[in-house]
Amino acid sequence: MAQRFIGIANDAEERLINVRIGSLQDAFVSFASDKIDDSVYLNNQIQNIIKTNETIKSFKVIVKKTIIDPNLGTIPNSYVIIASNNLEEVDTVDNQAPFLYTLAGSDPSNSLTMPFSENGERLFQTARAITDKMGNVVGVVMTTQTLSLADMAIQSSITRSRILLFVVIILILLLFLRHSKIIDYMDLYKKLKEVNQLKDDFISMASHELRTPLTIIRGYAEFAIGAPELSPQTKDYISKIDISSKDLDALISDMLDVSRIEQGRMSFKLEKINPLDIIEGVVTSLVLPAKEKGLSISFDKTKIEDSQYINVDKDRLKQALVNLIGNAVKYTNKGEIIVRQYKEKERLYIRVSDTGLGMTEEERAKLFEKFYRIRTKETEEIRGTGLGLWITAKIIKEMNGNVSVESIKGIGSHFIISFPIVA
Ligand SMILES: Nc1ncnc2c1ncn2[C@@H]1O[C@H](COP(=O)(O)OP(=O)(O)O)[C@@H](O)[C@H]1O
Ligand SMILES: [Mg+2]
């Protein structure tokens, strides 16, 4: 396509050069017949023309006349240059002129052009007859024009088009590469999704299948521990079975919740409730474990103004609170746990504060990651899965709530959840 355009441009350029030289010669011959004997005048005119037309290499006027050569004597019908841009050839005989002279003479009203090339340079030779008032040919103007300027311009266009074409091809190649990479990624993504689904299915199946035998173990352990005439040693063994199976049960519950959340299978029955009783219930259930550690735990209701309602799933809210308040008891060795409920900017806040281990900024940043547990000397003996907070955060988000943490290492932590109050 580029080549075609260049061809068209080339033709147009050549035609333009011809038209220009044609009109130049037109103008020239209009006065040249009257001044055919005034070679000084003609030479001046030629110099002016040459100055403003840089593509003209030669511009001369030739007349046919009889000359007297010192050696050869009288020679009739000689083609003598009477004016030229090259002043040195004035008054000399032009041996190449006869052909063009005759040609121009045969069609005096037009300029005749002959293309030719010299040392690789393309040239146009144009001849136009000069006629007197009677229509007789009295001389001929001959010009030689170079096409090298036009050729150079066209050559640079060709080079530019080639570069452009090259760039376009490279771009297409790059696009193609990118496209095939995207297809690869799509394949990979599909496989990843399949593997992920497989993993989810496996966890969910394994957890369910584990639960049945575990329930049986727990049942028998409970049953056995109540049996009379057991040695203290055996009692200790059985209570260890009981504790470990409770841990395992908690782990399975968490894993099942994780798989439910990840597969979008966790159901939420949102309803308008006053969370007061739920908080109270969770706090009460943790009084004994707290007491065993020598901690005090309380529900501070002094900031509650009136009945406030939020739109949540009762059981899920309870699950979140059991984990948050349970954590407060778990990760506190001395002091107290206080749960507060208050209202701020149309939101209901539940704040669980403890005087426990606390955490650093880096630890806090990872707190809600799956399986993350802070590993220090103090937490070494504390059992857990590292899934509780991940589940809690997901549950609260699902119920349009928000969860945040404020904590100082060695001083204590505040876990704050909030929900929009509904009328
Ligand atoms: N109130 C708290 N005080 C200090 N550390 C806490 C508290 N709550 C949670 N953490 C830290 O966050 C980790 C993740 O908690 P969680 O997801 O509930 O898992 P788990 O309790 O099973 O370890 C815990 O292991 C503990 O290191
Ligand atoms: Mg926990």
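## Domain layout

The C-alpha centres of domain 1 and domain 3 lie 105 Å apart. The protein splits into domain 1 (2-146), domain 2 (173-262) and domain 3 (271-422). These bounds come from an automatic or database domain assignment.

This is a predicted model: local features need pLDDT of at least 70, side-chain atom pairs count only at pLDDT 80 or more, and totals for chains, interfaces and linings use all residues. Residues are numbered from 1 along each chain as its sequence is written, while chains are lettered from A and ligands numbered from 1 in the order in which they are written.

## Helix 4

Helix 4 covers residues 148-225, 78 residues in total. Helices (H or I, at least four residues) and strands (E, at least two) are DSSP runs, numbered from the N terminus. From first C-alpha to last, helix 4 reaches 111 Å, close to the 116 Å expected at 1.5 Å a residue. That expected span is 1.5 Å times one less than the number of residues.

Helix 4 has a kink of about 25° at R211, shortly before the proline P213. The bend is the angle between axes fitted to the seven residues ending at a position and the seven starting there. The number of buried residues in helix 4 is zero, so the helix lies largely in the open. Buried means 20 or more other C-beta atoms within 10 Å of a residue's own, exposed means 12 or fewer, and partly exposed is in between; C-beta atoms are placed from the backbone.

## Two residues in context

S259 lies in helix 5 (residues 232-262). S259 is buried, because 21 other C-beta atoms lie within 10 Å. Leaving aside neighbours within four places in sequence, S259 contacts D200, I203, S204 and S207. A contact requires C-beta atoms, placed from the backbone, within 7 Å.

N311 belongs to strand 8 (residues 309-312). N311 counts as partly exposed, because it has 15 C-beta neighbours inside 10 Å. Not counting residues up to four places away in sequence, N311 touches L270, K272 and V422.

## Ligand 1

The shell around ligand 1 holds 21 residues, of which N327, I374, G384, G388 and L389 come nearest. Helix 8 (314-330) and helix 10 (388-398) are the elements that give two or more residues. Helix 8 supplies the largest share, three residues. A residue is near if its C-beta atom, placed from the backbone, lies within 6 Å.

Note on methods: Two residues are in contact if their C-beta atoms, placed from the backbone, lie within 7 Å.
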